[in-house]
Amino acid sequence: MDTPLSTIAVVGLGTMGAGIAEVLARAGRDVIGIDISETAALGAVASLEASTARAVSRGRITEQERTAALARFRTSDSLSAAADADLVIEVVPETYEIKQQVFRELDAVVSPTAILATGTNALSVTRLAAESQRPERVLGLHFFNPAPAMKLVEVVSSVLTAPPAVEAVTALARELGKEPVAVGDRPGFVADGLLFGYLNQAAAMYEANYASREDIDAAMKLGCGLPMGPLALLDLIGIDTARTVLEAMYAESHDRLHAPAPVLGQLSSAGLTGRKAGRGFYTYDAPGGQDVVPDALTPAADAVAGAGRAVASVGVAGSGTMASGIAEVFAKAGYGVVLAARSQEKADLAKGRIAKSLERSVAKGRLSAEARDETLARITAAGSLDAFAEVDLAVEAVAEDLEVKQQLFAALDKVCRPGAVLATTTSSLPVVAIARATTRPEDVVGMHFFNPAPAMKLVEVVRTVLTADDVHATVRAVCAKIRKHPVDCGDRAGFIVNALLFPYLNNAIKMVEQHYASLDDIDAAMKLGGGYPMGPFELLDVVGLDVSLAIEKVLHQEFRDPGLAPAPLLEHLVAAGCLGRKTGRGFREYARR
């Protein structure tokens with residue numbers, strides 16, 4: 001096994017196999033591409049020709065280097081071509097039967113020193129290794145799609161894998177310019193183990209008609225900075241593939257969060273497997289296409305939610321970062337803003353925070369000095385809610401505590417004029433319970449901004465069973481004027497973003513509790529393999545572990561799903577006062593400022 005991995009066979013030349021072959025050939029390896037389909041083999045050659053031509057045109061490689069890379073890649077329709085390979089990577093369809101057959105046939109072909117790697121992301125590497133005559137040389141080598149672009153490679157060991165085999169492929173991954181992460185053998189490994197639970201919950205949310213496919217995808221892209229929404233990503237991965245992965249995960253975990261949403265089975269059975277079929281959650285211009293085309297579920301471009309109420313002035317209650325940010329957003333959009341806090345001193349400090357924020361925008365060239373002065377002039381700092389007497393829209397941004405918010409809304413009910421819209425920025429509490437603190441619950445709506453409000457484009461618009469149609473229309477119109485993207489959702493715990501985000505974060509914590517992977521490996525896996533802007537533990541420390549625990553508890557209480565119970569490690573850290581960056585220690589330690 002200490003033989004240099006210079007000749008590598010790739011079995012299966014679909015999208016992933018062709019991508020892996022390209023990575024290897026461009027890195028100087030001799031590559032044997034094997035597929036029973038001549039079409040697939042020709043497609044892999046064409047893909048390598050096209051990608052290397054683009055690389056030449058962009059000055060990344062020379063024409064000579066391109067010619068050499070193409071010469072290193074040959075194809076065959078027989079596994080016997082792998083006889084001289086030092087490493088064989090199989091990327092055939094995700095079923096035990098097909099993969100086991102490949103491994104049995106390879107045993108009779110390859111040399112005793114060759115390493116056999118499976119590209120599975122859902123099946124047991126141990127079970128596949130047991131089919132081989134030399135299980136100590138079998139491991140998992142999980143690339144991510146598209147293989148040439150994605151940096152992560154999960155190196156998966158079974159209890160049978162010999163360490164030298166792991167060391168050899170880990171060194172190869174680094175030589176290919178990848179970031180290898182060592183993981184044990186369980187369905188989904190790290191990245192897909194976290195990713196597919198989240199995708200499954202998104203599919204279930206859509207199936208329940210809680211939110212539209214467009215709003216679910218927009219919410220996760222804009223609210224979390226993800227490169228793709230979950231339903232669009234399911235279409236890219238393949239809905240049938242996702243269901244296979246989830247079935248394998250559920251068989252091991254028995255966690256209901258991994259039980260495939262029925263809609264995945266329905267779409268798969270109907271042949272609506274995503275982009276490759278031309279239709280999945282969305283409809284595409286052609287099978288294998290990537291451009292979404294309108295279908296019966298596409299919202300009409302000129303759809304009008306209805307006439308709303310006129311809004312010229314806005315009141316923002318609160319003095320923290322979120323309240324200041326929301327007030328800044330409204331003032332920039334031309335609204336007169338009353339920023340009310342519990343005292344005049346707190347209100348003045350909040351306005352001062354806005355002034356500093358605007359000054360930073362001027363320094364960066366994003367705002368003129370004149371616009372800064374005009375924006376600040378539109379904001380009136382007040383030490384009492386009495387200043388809200390004439391506002392058209394009142395937005396609260398106080399502590400995330402139901403009793404505190406109910407007391408505030410009871411006060412707004414008495415102060416605000418009839419017909420004023422009352423909005424709460426709660427991220428997890430029941431909006432209807434807040435609305436019932438007033439005598440006009442039909443005027444109350446959720447308007448969940450994301451932090452920092454001036455930068456984040458998303459607003460979750462939460463209507464209760466009592467919210468009036470014109471109140472809902474008013475808030476959507478206001479979102480458009482302040483240049484935010486509104487998504488509609490019902491009044492249940494977590495709304496869209498937190499209901500999908502926090503179970504994913506909780507599952508990451510459980511991985512660490514089970515000693516399956518380290519904090520660093522999990523964070524690296526999700527950033528490099530999933531395109532996430534932050535790893536789950538980086539994000540938890542930024543959000544605050546106390547805030548995260550509170551949201552987890554609300555989700556668990558509402559949905560009563562055992563899989564949503566907060567991870568004990570999270571509870572222990574909060575009890576110890578380790579709340580993340582704000583205390584200098586959470587999952588990691590930070591230098592005190």
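Student: Taking two strands as paired if DSSP finds at least two bridges between them, which residue of E7 stands opposite Phe-143?

Tutor: Val-153 is the residue of E7 that stands opposite Phe-143. The model is predicted, so local features need pLDDT of at least 70 and side-chain atom pairs count only at pLDDT 80 or more, whereas totals for chains, interfaces and linings use all residues. Residues are numbered from 1 along each chain as its sequence is written, and side-chain values use heavy atoms, with hydrogens and water left out.

Student: In which sense do E6 and E7 pair?

Tutor: Strand E7 (residues 152–157) pairs with E6 in the antiparallel sense, over four bridges. Strand E5 (residues 115–118) runs parallel to E6 and is joined to E6 by three bridges.

Student: Changing topic: what order do the eight strands of the open sheet follow?

Tutor: The order is E13-E12-E11-E14-E15-E16-E17-E18, and the pairing is mixed. Strand E13 (379–382) and strand E18 (485–490) form the edges, each pairing on one side only. On average, neighbouring strands of this sheet are turned by 25 degrees against each other, direction ignored. Such angles are taken between axes, which are lines fitted to C-alpha atoms (for helices over the stretch in contact), and run from 0 to 180 degrees between N-to-C directions.

Student: How do E15 and E16 run, then?

Tutor: Strand E15 (residues 421–424) and strand E16 (residues 444–449) run parallel and are joined by three bridges. Leu-422 has Val-444 as its bridge partner in E16.

Student: Which helix lies across E17 and E18?

Tutor: Helix H8 (residues 213–224) lies across strand E17 (458–463) and E18, and runs at about 125 degrees to E18.

Student: What does Gly-490 touch?

Tutor: Gly-490, which is found in strand E18, touches Tyr-210, Val-462, Arg-463 and Phe-495, not counting residues up to four places away in sequence. Contact here means heavy atoms within 4.5 Å. The C-alpha atoms of Gly-490 and Arg-463 are 5.7 Å apart, although 27 residues separate the two along the chain. Gly-490 counts as partly exposed, at 21% relative accessibility.

Student: Is Val-475 buried or exposed?

Tutor: Val-475 is buried, with a relative accessible area of 1%. Its place is in helix H17 (residues 469–481). Leaving aside neighbours within four places in sequence, Val-475 is in contact with Val-421, Val-445, Met-447 and Val-461.

Student: How many residues does the largest nonpolar core have?

Tutor: The largest nonpolar core has 104 residues, and those with the most contacts inside it include Tyr-198, Leu-264 and Phe-281. Helix H18 (residues 497–513) gives the most to this core, with 11 residues. A nonpolar core is a set of buried Ala, Val, Leu, Ile, Met, Phe, Trp, Tyr and Cys residues joined through side-chain atoms within 4.5 Å. Tyr-198 touches Met-220, Leu-226, Pro-230, Leu-500, Tyr-504 and Tyr-532, again not counting residues up to four places away in sequence.

Student: Last topic: how many salt bridges are there?

Tutor: The count comes to 27 salt bridges, each being a side-chain nitrogen of Lys or Arg within 4 Å of a carboxyl oxygen of Asp or Glu. One of them joins the side chains of Glu-214 and Arg-213, at 2.8 Å from N to O. Arg-213 is buried, with a relative accessible area of 2%, whereas Glu-214 is partly exposed, at 22%.

Student: Which residue forms a salt bridge with Glu-400?

Tutor: Lys-405 does, with the closest N and O atoms 3.6 Å apart. Lys-405 is buried, with a relative accessible area of 0%, and Glu-400 is partly exposed, at 38%. Elsewhere, salt bridges that share partners join Glu-90, Glu-94 and Lys-99 into one network.

How values were computed. Buried < 20%, exposed > 50% of the residue type's maximum accessible area, 1.4 Å probe, protein only. Helix = DSSP H or I, 4+ residues; strand = E, 2+ residues; numbered from the N terminus. Pairing = 2+ DSSP bridges.
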